[in-house]
Amino acid sequence: MSSDDTVLRVALPLPLARLFDYRAPDGVQVDSVQVGARVRVPFGPRELIGVVAAVGPLDAGARETKSAVAILDTEPLLHGELLESLRWLARYAHAPLGEVLTTALPAALRQGGPLPETDEVVWRLVEGASLDKLKRDAMPHRLATLLAQRARSEDELDDTLPGWRTAARALSTKGLAESIRTTPARVAGNGTPGPALNDEQRAAVEAIVAHDGFGAVLLEGVTGSGKTEVYLQAIADCLARGKQALVLVPEIGLTPQTLARFRTRLGIEVHALHSGLNDTARARVWAAAARGEARVIVGTRSAVFTPLPEAGLIVVDEEHDGSYKQQDGIRYHARDFALVRGKALGIPVVLGSATPSLETLHNAQAGRFTHVRLSKRAGDAKPPSVRVLDIRKRALDAGLSTELIAKVRATVESGGQVLVFRNRRGYAPVLLCHDCGWSAACKRCSTPDHPHPMTVHAGGRRLQCHHCGARQAAPMACPDCGGLALQPQGVGTERLEERLIELFPDVPVLRVDRGSTRRRDALESLLAELGDRAGILVGTQMLAKGHDLPNLTLVAVVGIDEGLFSADFRAGEKLAQLLIQVAGRAGRARRAGEVWLQTHHPTHPLLQTLIAGGYRAFAEQELVEREAAGFPPFAHLALLRAEAKSAEPNTRFLALAKACIDDARIADVEVFGPLPAPMPRRAGFQRAQLLVSAPQRRALHAALEAALPALRDAPEGKRVRWSLDVDPVDL
Ligand code: ADP
Ligand code: ZN
Ligand code: ZN
């Protein structure tokens, strides 16, 4: 084959399920181009950055083939396991490889930027430096103490010791410290030993490190049972074997506190990957991992795409967490993809949770995952006691019963902290006219049959739609009857905060939700400010995890009743997980914790089971029901979504999809719909969906495989925005 007849098959970031052929750029030998290298190519009037997916013979019938403009990488950027795993993901998601690569690569690299330098400026004490002359606890002393443990990069110092630069200059003038440029891997020092593990923890670590090759380990441990200690030991073992470790955490779990704990214990630079990083920093961590310099990477969902040339372990903390599922673009699940990678890499994958997803429990029960348990809290902490408050026919004050208010009072008066949990942000869920019954609905998200209420904010002055973001001032008078009897109905976190401040003027009341704590570290500083003082936290599920609050002794759960009657088959699972997680915040240290749960449905089976038997009992019962109903994990689902300005193009497109799938005649595949989406209209778009279900994954994929080519070409598809979600989480 002459090189004239050889072309580069390039994956481009386009919604087209094919590769694009280009000749090598002028003056470049096609044989010298590596699969996995980025390439700049002409595409219509533009240029695009793509990745060489293959090098192969020119198609006989091909029309004129253009030349690429430039090859951007001499060494492939993507190769080996990661490239193969991403190819797998493209097949699994039925998505173009180019779009998958776009999702996986950091933006700076996707746009063609060079693989960044990973040298950093690192500070260390000079040999034999004595700290005796430094004033104790002054800034230079604090910095020197940190550096005495190990050298630290400027990035890490920025995170750990704000204002360290002046101190560094002082130490450097005194000849005590110096800075050098080096790669982070060389700054390892000694870790600080953690607590001696208890028997269960030791067994868990054994179960993980015993794996020589792939193995999934479900680490099921109640909140505070010491799962993180188990991860840390397993990671230390992995580092000692000269391997890299990747730790995935939920979006709100990646706090400076978590990172500091990892750094201190492991005695090594820990690279963080989260949505707060800018493009350059993100690409730098990616490059450091790709070069094997980053030994421990802790990150949120998309960190699952980190290259791991010397992989030893992957940990997925809080594996049940909803933030692991990407909800647009390529709809991957980071936990599931972590398992795929673990298998390809031949390394253990640890899935940790107090409330494992039913998928994971099912896998463990079927013997596919090793199941280890931590049944009690570590150290001296005791499990919290739970009390259900029946509030039927009771007077409520901003949603709080008299008993609950008295209990909060007793708790703060004895110096404790209270968490009031309400999973509704804003002032009130609805603005209602008391004269005529009109209520404020979002114009862009409502249909005649499904009015979607605007949430009341700012003490009643503003209205906001939590689905499309629309905002407006609250009307002074009812738009329908002109009456002035407009009243916020129901209670959100803002209203709770307002009332609690009135009721408890002498203690701090802090609200924690997406409205109050937009910035990543805002929550940390709020909580740091509170310290151990008596006080009240009001918040949404943002408060359900993360930060340790040793003085938190009462968790009050108000208004979860909506969740008991949702149509989504996963609603029960989500509610059970949330309740257990929130309850787990109580009594994490020596003081015993209590959970008070207010409800109008004290006899609801979910609550009864959860309280009598815990999450385990709930999950077992739920699995039986899922099996009977033919829902996941006993069936595999794919959801085809369509949206358009009017309903008719959706119906046409989805009807065509149904016909294509039916025509393929794959046994056991069932198709439901087209049906309106649970939110039939959002931001001005009508939304509909088609659900495809099969007891076997293979049948599901065969059906999609058969239908998709026709759908991609169909004119009906051009009139809607459509997307495919394999293993959808929200139906
Ligand atoms: P989880 O990750 O399961 O919530 P952590 O690992 O954060 O639990 O542990 C909860 C608390 O218990 C932490 O303060 C931790 O330092 C402490 N802890 C964990 N294991 C032990 C142990 N074996 N002995 C004493 N304290 C422990
Ligand atoms: Zn009215
Ligand atoms: Zn809206």
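Biologist: Which residues does alanine 168 touch, and what makes a pair count as touching?

Modeller: Leaving out residues up to four places away in sequence, alanine 168 touches Trp123, Leu143 and Ala177. Touching means contact, i.e. C-beta atoms, placed from the backbone, within 7 Å of each other. Keep in mind that this is a predicted model, where local features need pLDDT of at least 70, side-chain atom pairs count only at pLDDT 80 or more, and totals for chains, interfaces and linings use all residues. Residues are numbered from 1 along each chain as its sequence is written, while chains are lettered from A and ligands numbered from 1 in the order in which they are written.

Biologist: Why is alanine 168 called buried?

Modeller: Count the other C-beta atoms within 10 Å: alanine 168 has 22. Buried takes 20 or more (12 or fewer is exposed, anything in between is partly exposed, with C-beta atoms placed from the backbone). Alanine 168 belongs to helix α6, residues 164-173; a helix here is a DSSP run of H or I with at least four residues, a strand is a run of E with at least two, and both are numbered from the N terminus.

Biologist: How many residues separate alanine 168 from leucine 101, in sequence and in space?

Modeller: They sit 67 residues apart in sequence, and C-alpha to C-alpha the gap is 41 Å.

Biologist: What makes Cys433, Cys436, Cys478 and Cys481 a group?

Modeller: An unreviewed UniProt entry covers those four with the annotation "binding site". In space they cluster, with a largest C-alpha distance of 8.7 Å, although they are spread over 49 residues of sequence. One caveat on the record: positions follow the numbering used here, feature names are shortened, and annotations may be inferred rather than shown by experiment.

Biologist: Why does cysteine 433 count as buried?

Modeller: Its count inside 10 Å is 21 C-beta neighbours, so cysteine 433 lands in the buried class. Cysteine 433 is in strand β20, residues 430-433. Its contacts, again skipping residues up to four places away, include Cys478 and Cys481.

Biologist: And why is cysteine 478 buried?

Modeller: Cysteine 478 has 21 other C-beta atoms within 10 Å, hence buried. Cysteine 478 lies in the loop between β23 (471-473) and β24 (486-489). Among the contacts of cysteine 478 beyond four places in sequence are Cys433 and Cys436.

Biologist: Why isn't histidine 94 called buried?

Modeller: Histidine 94 has 16 C-beta neighbours inside 10 Å, so it counts as partly exposed.

Biologist: What about aspartate 727, buried or exposed?

Modeller: Aspartate 727 is buried, because its count within 10 Å is 20 other C-beta atoms. Aspartate 727 also has a positive phi, about 60 degrees, and is found in the segment after β32 (721-726).

Biologist: Which peptide bond at proline 633 is cis?

Modeller: The bond from proline 632 to proline 633, with omega near 5 degrees. Proline 633 is in the loop between α17 (605-629) and β29 (636-644). The bond from glycine 673 to proline 674 is cis too, with omega near 0 degrees, and proline 674 lies in strand β30, residues 670-682.

Biologist: How confident is the predictor in the chain?

Modeller: The chain's mean pLDDT is 91, with 97% of residues at 70 or more; pLDDT is the predictor's per-residue confidence, from 0 to 100. For the complex, the predictor gives an ipTM of 0.98 and a pTM of 0.91.

Notes. Contact = placed C-beta atoms within 7 Å.
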